[in-house]
Amino acid sequence: MAVEESAVPAFEEITEQDELVAWSRTYAREARREWLLDVRFDLVEWEVSTRARRRAAAVKRPEVPDTTVGEPIDWERVPDSDGRPLPCTVSLSWGAFEAFSQAEWGSTLRHELLHIEQFQRDGATGHGAAFKRRAQEVETDVRCRAFATPEWLFRCGDCGTEVARRYRDCAFVREYEAYRSDCCGAGLVRSQPE
Ligand SMILES: [Zn+2]
Ligand SMILES: [Zn+2]
């Protein structure tokens, strides 16, 4: 346990997909304790999507027939279940991770944990009244967060380190040639991700 925790990088130091998963899983465990979320992590898989362009994260889950949010189900009667909730997968968007602050990412994870809480209890999940109530309690948004690919990216002209990103036109975007990178003191290179 202690070994596992120490292997988790700081949020700003994440560069690999498995690091993002490790960080997010650790965060999820802490969030469960702090906000008393009723989630079983042994039935949760994690993955990173590099293709998702809009949704910051999503919970992929099987359709369970005849289920309603707010009405706990007996998993014993669900085919393919051994009495436990069916497994689901949290899909994390790499693009959203790159665009979000740590606080925004944490809020995104709490939103997805609420979907898992509902799914594991009721076999269904949605953004209705019950979700709104829980979202307030765990201080997250009711709507799934969206993200945008930044309009402009600025890199150090020497080593290529990303220096800044901007989502809209602003003085920095126009006057970036006046700036120098912290890493090498070099000029910046501007690009527009597609
Ligand atoms: Zn949602
Ligand atoms: Zn540099």
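My entries below go from the overall layout to the cores, the charged pairs, the backbone and the metal site.

**Entry 1: layout**

I am working with a predicted model, so I keep that in mind throughout. I went through the secondary structure and found six helices and six strands in the protein chain. Read from the N terminus, the order is α-α-β-β-β-α-α-α-β-β-α-β. The C-alpha atoms fill a box of roughly 65 × 40 × 30 Å along the principal axes.

Next I checked the domains. The assignment gives domain 1 as 5–137 and domain 2 as 152–191. Their centres, taken over C-alpha atoms, are 35 Å apart.

I also noted two overall values. Of the 194 residues in the protein chain, 42% are buried. Among contacts between residues at least 6 apart in sequence, 67% join residues at least 24 apart.

**Entry 2: nonpolar cores**

Which residues touch the most other members of the largest nonpolar core? I found Leu20, Trp23, Leu37, Trp46, Leu92, Trp105 and Ile116, out of 41 residues in that core. The elements that give two or more residues to this core are α2, β1, β2, β3, α3 (94–99), α4 and α5. The most comes from α2, with seven residues.

Setting aside neighbours within four places in sequence, isoleucine 116 contacts Val39, Val44, Val59, Cys88 and Val90. There is also a second, separate core of seven residues, with Phe172, Val173, Tyr176 and Leu188 among them. As a reminder to myself, nonpolar side chains tend to be buried together in soluble globular proteins.

**Entry 3: charged pairs**

I counted eight salt bridges. Side chains of opposite charge can pair when their charged atoms come close.

I started with aspartate 42, whose side chain meets that of arginine 40 in a salt bridge at 2.8 Å, N to O. Aspartate 42 also forms a salt bridge with arginine 84, where the closest N and O atoms are 3.9 Å apart. This second pair links distant parts of the chain, 42 residues apart: aspartate 42 is in the loop between α2 (17–35) and β1 (44–49), and arginine 84 is in the loop between β2 (57–60) and β3 (88–93). Stepping back, I see that Arg40, Asp42, Asp82 and Arg84 are linked in a network of salt bridges.

Then I turned to glutamate 117 and arginine 134, which form a salt bridge with the closest N and O atoms 2.9 Å apart. Glutamate 117 lies in helix α4 (residues 102–122) and arginine 134 in helix α5 (residues 129–137), so the pair ties together parts that are 17 residues apart in sequence. Is glutamate 117 buried or exposed? Glutamate 117 has a relative accessible area of 5%, and because the cut-off for buried is under 20%, I list this residue as buried.

**Entry 4: positive phi**

Most residues other than glycine have a negative phi, so I wrote down two exceptions. Leucine 36 has a positive phi, near 50°. Leucine 36 sits in the loop between α2 and β1 and is exposed, with a relative accessible area of 69%. Glutamate 139 has a positive phi too, near 55°. Its place is in the loop between α5 and β4 (152–156), and glutamate 139 counts as exposed at 54%.

**Entry 5: the zinc ion**

Which protein atoms are the donors of the zinc ion (ligand 2)? They are the SG atoms of Cys156, Cys159, Cys183 and Cys184, lying 2.3 Å from the zinc ion. The four donor atoms subtend angles of 104 to 118°, which makes the arrangement tetrahedral. The donor residues are spaced C-x2-C-x23-C-C in sequence.

Cysteine 159 is in the loop between β4 and β5 (162–166) and cysteine 183 is in the loop between α6 (171–175) and β6 (188–191), so the pair ties together parts that are 24 residues apart in sequence. Cysteine 159 is partly exposed at 44%, and cysteine 183 is partly exposed at 45%.

How values were computed: Residues are numbered from 1 along each chain as its sequence is written. Chains are lettered from A and ligands numbered from 1 in the order in which they are written. This is a predicted model: local features need pLDDT of at least 70, side-chain atom pairs count only at pLDDT 80 or more; totals for chains, interfaces and linings use all residues. Side-chain values use heavy atoms; hydrogens and water are left out. Domain bounds come from an automatic or database domain assignment. A salt bridge is a side-chain nitrogen of Lys or Arg within 4 Å of a carboxyl oxygen of Asp or Glu. Helices (H or I, at least four residues) and strands (E, at least two) are DSSP runs, numbered from the N terminus. Buried means under 20% relative accessible area, exposed over 50%, partly exposed in between (1.4 Å probe, protein chains only). A nonpolar core is a set of buried Ala, Val, Leu, Ile, Met, Phe, Trp, Tyr and Cys residues joined through side-chain atoms within 4.5 Å. Contact means heavy atoms within 4.5 Å. Donors are N, O and S atoms within 2.8 Å of the metal (3.2 Å for Na, K and Ca); water is not among the atoms, so sites may look incomplete. Four donors count as tetrahedral if all angles lie between 85 and 135 degrees; four count as square planar and six as octahedral if opposite donors are over 155 degrees apart and all others between 65 and 115; anything else is irregular.
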